Amino acid sequence: MAAELRHLRYFIAVAEAGSLSRAAEKLFIAQPPLSVQIRQLEDLLGTALFVRHAKGVRLTAAGECLLPEARQLVERAAGLKDWLAGASPVGRLSLGFVPSAGSTVMPQLLAALRAEHPRLQIALREMISSEQVDALASGQIDLGIARAAARHPRIEAVARIPDPFCVAMPAADAAALAAGALDLRRFAEADFVAFTRHRGPAYFDQAIHLCARAGFSPRIRYEASTVHGVLDLVGAGLGVALVPASCVLLAAARVAIRPLKGSQKQAVLTLLRRKAQGPVPGERALARTRAVFDALQRRTAARLTG
């Protein structure tokens, strides 16, 4: 027996859910048949794809390698189905993006792309910056929205905007502070809320680096897996957080975001692509993406209190 698309779809669902039971609910099937399908795929490939633990499952090294390939195969199959049905989209764009851009850049960008190219097939992949560089170099994605400069010989940044880290704090605490950029050292004794490291290692490491440069190690009391989660915990008064300036567009009334003193040359949001990529569908999206970047920068500057 050969692996079939359903095996890959089930594998992707379990990998994304981190649990067989949650994946079964999402797929509207019972858990035992889903477990059988996963075991069949593991038997066919001759290797374990998941490690089972008390709270669910996690990918093995083989599973980590298979996941991007499985997604690509399933996406290609979906495009083939559309083509056979006579509804072939005019081009296909595969776009990677860092989690922190999911609520700031992506809504406006997707709306603009759909308005300009209503039949463009868009495949989205939430990926950390280093994963985007590898995926771009191997041709798995066409464009990447990353928090990193282009340091790969085959990758270039075609747009970039500054997105320096700022301090997010309860609005009541900010009201007692003088206007202007803040010195991070004043928060050396504060409790911090951090973005979960495995979800965004570059984001986490840059925040730690800023604190180290200010002369202290942050006392991290709470973590959240999304930017919204971090801001919610700050708004609840549980601590302060270091977040990209663009997060000012997401902050609720009970959260204040203030700029920090000091230069952050590497704190940028970039649009990455392969060099000499040629006239692929992603090329048509470059101008629109640059415009969204520019608009994001203007909106952030207008909202950020200094």
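Colleague: What share of the contacts in the protein with a separation of 6 or more comes from residues 24 or more positions apart?

Modeller: For this predicted model, residues 24 or more positions apart account for 75% of those contacts.

Colleague: How many helices and strands are there in the protein?

Modeller: The protein has eleven helices and twelve strands.

Colleague: What radius of gyration does the protein have, and what would a compact globule have?

Modeller: A compact globule of 306 residues would have a radius of gyration near 19 Å, and the protein has 21 Å, which agrees. Along the principal axes, the C-alpha atoms fill a box of roughly 70 × 50 × 35 Å.

Colleague: How much of the protein is buried?

Modeller: Buried residues make up 48% of the 306 residues. As for the accessible surface, the total is about 15000 Å², and 55% of that area belongs to carbon and sulfur atoms.

Colleague: Turning to the helices, what span should H8 have, and what is the distance between its end C-alpha atoms?

Modeller: Helix H8 covers residues 201–213, and at 1.5 Å a residue its 13 residues should span 18 Å. The end C-alpha atoms are 18 Å apart, so the span agrees with that expectation.

Colleague: Which residues of H8 are buried?

Modeller: They are Tyr 203, Phe 204, Ala 207, Leu 210 and Cys 211. These residues cover an arc of only 125 degrees around the axis, which puts them on the same side of H8.

Colleague: Why would residues three or four places apart point the same way?

Modeller: An α-helix has 3.6 residues a turn, so residues at that spacing point the same way.

Colleague: What do the buried residues of H8 pack against?

Modeller: They pack against strands S7, S8, S9 and S10. After the helix comes Gly 215, with a positive phi near 95 degrees.

Colleague: And H9, which of its residues are buried?

Modeller: In H9, which runs over residues 227–235, the buried residues are Val 227, Gly 229, Val 230, Leu 231, Val 234 and Gly 235. Their packing partners are strand S7 (165–170), strand S8 (191–195), strand S9 (219–224), strand S10 (241–244) and strand S11 (255–259).

Colleague: Going back to H1, how many residues has it, and how far does it reach?

Modeller: Helix H1 has 13 residues, 5–17, and reaches 18 Å from its first C-alpha to its last, close to the expected 18 Å. Its buried residues are His 7, Leu 8, Tyr 10, Phe 11, Ile 12, Ala 13 and Val 14. Just after H1, Gly 18 has a positive phi of about 70 degrees.

Colleague: New topic: how many salt bridges does the count come to?

Modeller: The count comes to twelve salt bridges. In general, side chains of opposite charge can pair when their charged atoms come close.

Colleague: Which residue forms a salt bridge with Glu 42?

Modeller: The partner is Arg 52, with the closest N and O atoms 3.3 Å apart. The pair links distant parts of the chain, as Glu 42 lies in helix H3 and Arg 52 in strand S1 (residues 50–53), ten residues apart.

Colleague: Is Glu 42 buried or exposed?

Modeller: Glu 42 has a relative accessible area of 11%, so it is buried, the cut-off being under 20%. Arg 52, at 43% relative accessibility, counts as partly exposed.

Colleague: What does Glu 42 touch, not counting residues up to four places away in sequence?

Modeller: Glu 42 touches Thr 47, Ala 48, Leu 49, Phe 50 and Arg 52. Glu 42 itself belongs to helix H3, residues 31–45.

Colleague: Which residue does Glu 4 meet in a salt bridge?

Modeller: The side chain of Glu 4 meets that of Arg 6, at 2.2 Å from N to O. Glu 4 is partly exposed at 37% relative accessibility, and Arg 6 is partly exposed at 30%.

Colleague: And what about Arg 185 and Asp 183?

Modeller: Their side chains meet in a salt bridge with an N to O distance of 2.7 Å. Arg 185 counts as exposed at 55% relative accessibility, whereas Asp 183 is partly exposed at 26%.

Colleague: Which residues are linked in a network of salt bridges?

Modeller: Glu 189, Asp 191, Arg 219 and Arg 221 are linked in such a network.

Notes: Residues are numbered from 1 along each chain as its sequence is written. This is a predicted model: local features need pLDDT of at least 70, side-chain atom pairs count only at pLDDT 80 or more; totals for chains, interfaces and linings use all residues. Side-chain values use heavy atoms; hydrogens and water are left out. Helices (H or I, at least four residues) and strands (E, at least two) are DSSP runs, numbered from the N terminus. Contact means heavy atoms within 4.5 Å. Buried means under 20% relative accessible area, exposed over 50%, partly exposed in between (1.4 Å probe, protein chains only). The expected span of a helix is 1.5 Å times one less than its number of residues. The arc is that of the directions from the helix axis to the C-beta atoms. The radius of gyration is taken over C-alpha atoms; the globule rule is 2.2 Å times the number of residues to the power 0.38. Accessible areas come from the Shrake-Rupley method with a 1.4 Å probe; for residues, only the protein chains shown count as cover. A salt bridge is a side-chain nitrogen of Lys or Arg within 4 Å of a carboxyl oxygen of Asp or Glu.
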